[in-house]
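This report describes a pocket, an aromatic pair and several individual residues. Please keep the sequence and the structure open while reading.

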Amino acid sequence: MSLKCRQFLNNEEHGGSAFIMWDIREDDNYPQVTLGDCNRQITLEFALDQEKDYWNTLEKIDSLYEMIKDFRREVKKLARKKAKIKGW
């Protein structure tokens with residue numbers, strides 16, 4: 001079994017090739033998530049070799065999720081501030 005998902009991150013008007021993609025294979029001990037923009041990409045692997053790896057991997061994913069939510073909140077505040085200053 002293999003599960004893959006890819007989603008482009010920019011809206012259609014913006015264009016560009018920013019994306020997020022994940023790949024999980026049943027026989028793989030290192031599922032991956034890849035983030036990319038026009039110039040760079042990073043791939044994160046999450047170990048599933050042993051039971052302790054499983055729990056650590058879940059904690060890492062939860063931490064990433066929480067950090068992205070926090071980042072979104074702060075970017076939204078900054079965007080609103082800039083919009084007021086620039087009159088957008």
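## The largest pocket

The largest pocket holds about 590 Å³ of space, a pocket being, on a 1 Å grid over the protein atoms alone, an open set of points where a 1.4 Å probe fits, with protein on both sides within 12 Å along at least five of seven lines. The volume is the space filled by probe spheres set on the points, which are joined across faces, edges and corners. Of the 20 residues that line this pocket, Ile20, Val33, Phe46, Ile61 and Leu64 are the closest to its centre, where a lining residue is one with an atom within 4 Å of a point. Two or more lining residues come from each of β2, β3 (32–36), β4 (41–45) and α1 (51–86), and α1 gives the most, with eight residues; helices (H or I, at least four residues) and strands (E, at least two) are DSSP runs, numbered from the N terminus.

By class, the lining has 16 nonpolar, two polar and two charged residues. Here Ala, Val, Leu, Ile, Met, Phe, Trp, Tyr, Cys and Pro count as nonpolar, Asp, Glu, Lys and Arg as charged, and the others, Gly among them, as polar.

## Basis of the model

The model is predicted, so local features need pLDDT of at least 70 and side-chain atom pairs count only at pLDDT 80 or more, whereas totals for chains, interfaces and linings use all residues. Residues are numbered from 1 along each chain as its sequence is written, and side-chain values use heavy atoms, with hydrogens and water left out.

## Two residues of strand β2

Ile20 belongs to strand β2 and counts as partly exposed because its relative accessibility is 31%, the class between buried (under 20% relative accessible area) and exposed (over 50%), with a 1.4 Å probe and protein chains only. Leaving aside neighbours within four places in sequence, Ile20 is in contact (heavy atoms within 4.5 Å) with Cys5, Arg6, Gln7, Leu9, Val33, Thr34 and Leu35.

Not counting residues up to four places away in sequence, Asp23 touches Ser2, Leu3, Lys4, Pro31 and Gln32.

## The aromatic pair

The structure holds one aromatic pair. The rings of Tyr54 and Trp55 have centres 4.7 Å apart and planes at 75°, so the pair is edge-to-face. Rings of Phe, Tyr and Trp (its six-membered ring) pair if their centres lie within 6.5 Å, and planes under 30 degrees apart count as stacked, over 60 as edge-to-face and the rest as tilted. Tyr54 is partly exposed at 38% relative accessibility, and Trp55 is partly exposed with a relative accessible area of 48%.

Leu48 lies in the loop between β4 and α1 and is partly exposed, with a relative accessible area of 34%. Not counting residues up to four places away in sequence, Leu48 touches Asn29, Pro31, Asp53, Tyr54 and Thr57.

Asp70, in helix α1, is partly exposed, with a relative accessible area of 30%. From C-alpha to C-alpha, Asp70 and Cys5 are 24 Å apart in space, and they are 65 residues apart in sequence.
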